[in-house]
Amino acid sequence: MIDEPLPAIEGGEPMFEEGIGYGGQSISEDDKQAVLESMEGDYITRGPTVDKFEAAVAEYVGVDHAVAVTSGTAALHLIGKAAGFGAGDEVITTPLTFASTAHAAVYNDATPVFADVKRDTRNIDPESVREKITDDTAGLIPMHYAGQPCELDEMLAIADEHDLTLIWDACHAIGSTWRGEPVGSHQDAAIFSFHPVKNITTAEGGMVVTDDDDLATRVRSLRSFDMEYDPAGHEDEPWFQVTEGVGYNYNVTDLQAALGLSQLERIEEFKQRRADIINRYEEAFADISGLQTPTVKDDVDPMWHLYAVEIDEGFGCGRKRFVNAMHAENIYVQVHYVPLNYHPLFQSEFGYEPGQFPNAEAVYDRVVSLPLYPAMDGQTVEHVIAAIRRLHDYET
Ligand SMILES: Cc1ncc(COP(=O)(O)O)c(C=O)c1O
């Protein structure tokens, strides 16, 4: 451990020689073996291993259908289309998310309508959602920030009262539960991302999970060219495969699915490791002023994707300097998220501007995601803590 008082941003030796990120995958020998074995099969594109991965995720979440696609973004695109979002429709979501959440509306010519978040959990505020509902509202897309489930009962009630399609962006939250129920098991549908920083990975990948037979059938068809492979009346013409609409090639490969199946077997190990790292952080941060740890609700058991803390005046410096100081230490902390009303796309296309979402923007001003990933060892955790402590000591 480097034992000098000067933070790297002030000329001290960086805490890490090589950079560490805020997230990342853990790949075991079994994971590698699974991928290698899948390459021996007859299929390396979408084949029987994708079917198995879908069945395993459906069983894990407790739903009838799981449809694997190339990314969380693709999942949002297809579920938005399958749900029938289109021109003239409004879809309510959070501004404190990755742009793809809103793209479930945008890709389908619908309008994303942002509702502010709760200041403590950073999840969409049901009261704010209610205020945004109009005759044109067609759907709701809450996002489980950092892995902590939203207020599911409230959101389900709103969807029910107004007959809205409810899609859960659960990209952060496979492995989390709400009142003992797995995230992803609630209707109408949920989507996951399997990007390397997420709770389990397939390198790139995503999934739609639902109990709704029609949504699942539609997403399955759209994923693969919207092609009818066995049209009625052409039973003796096996080559006669025709497109029924504008579909996509969002097919995942058996190689990815083999990795996904192997990772799913490790999900409890990952969940525990993430929790252990956070416990150590919280113990260490108890006496660091101005560093606020996340608020956790009683009725949730999150699988934490992010460990997003807030830096306020008591720390001695602001969030901007904190991030730059950590980067100087070769600790690549990240900010989740620049609110979508700050993005040129949402400003120019939909008229958003800064100042419209006080809670999301207050989070944005202070929040920073510290390194959290299952392959992070104890020594690395201690070095991150030491870097934060020496910056704090220097600034106060
Ligand atoms: C909340 C949220 N939604 C959607 C996405 C998009 O997922 P992907 O990167 O798999 O396309 C991400 C991932 O970056 C995300 O964090």
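Where is Ile44 found? Ile44 sits in the loop between α1 (29-38) and α2 (48-61). Helices (H or I, at least four residues) and strands (E, at least two) are DSSP runs, numbered from the N terminus.

## The model and its confidence

This is a predicted model, in which local features need pLDDT of at least 70, side-chain atom pairs count only at pLDDT 80 or more, and totals for chains, interfaces and linings use all residues. Residues are numbered from 1 along each chain as its sequence is written, and side-chain values use heavy atoms, with hydrogens and water left out.

The protein averages a pLDDT (the predictor's confidence in each residue, from 0 to 100) of 97. At least 70 is the score of 99% of the residues. Among the elements, strand β3 (residues 90-93) has the highest mean pLDDT, 99. Strand β11 (residues 227-228) has the lowest, 95.

## Surface patches

Ile44 counts as partly exposed, because its relative accessibility is 48%. Buried means under 20% relative accessible area, exposed over 50%, and partly exposed in between (1.4 Å probe, protein chains only). Accessible areas come from the Shrake-Rupley method with a 1.4 Å probe; for residues, only the protein chains shown count as cover.

A patch of negative charge also lies on the surface. It gathers Asp64, Asp211, Asp213 and Asp214. Asp213 belongs to helix α7 (residues 213-223). Its relative accessibility is 46%, so Asp213 counts as partly exposed. Patches are made of residues with over 30% relative accessible area and no salt bridge; like charges are joined within 9 Å, nonpolar side chains (Val, Leu, Ile, Met, Phe, Trp, Tyr) within 5 Å. Lys and Arg count as positive and Asp and Glu as negative, while His and the chain ends are not counted. A charge is placed at NZ of Lys, CZ of Arg, CG of Asp or CD of Glu.

## Salt bridges

The structure holds 20 salt bridges. Each is a side-chain nitrogen of Lys or Arg within 4 Å of a carboxyl oxygen of Asp or Glu. One of them pairs Lys32 with Glu29, with the closest N and O atoms 3.2 Å apart. Both residues lie in helix α1, 3 residues apart, about one turn of the helix. Glu29 is exposed, because its relative accessible area is 59%. Lys32 is at 42% relative accessibility, so it counts as partly exposed.

Glu151 and Lys118 form another salt bridge, with the closest N and O atoms 3.1 Å apart. This pair links distant parts of the chain, 33 residues apart. Glu151 is in the loop between β5 (137-141) and α6 (152-162), and Lys118 in the loop between β4 (111-114) and α5 (126-132). Glu151 counts as partly exposed at 25% relative accessibility. Lys118 does too, at 27%.

Asp287 and Arg389 also meet through their side chains (3.4 Å, N to O). Asp287 is exposed, with a relative accessible area of 56%. Arg389 is partly exposed at 28%. Glu10, Arg321 and Glu395 are linked in a network of salt bridges.

## Across the structure

Asp136 lies in the loop between α5 and β5. Its relative accessibility is 41%, so Asp136 counts as partly exposed. Asp136 and Asp298 are 162 residues apart along the chain, and 35 Å separates their C-alpha atoms.
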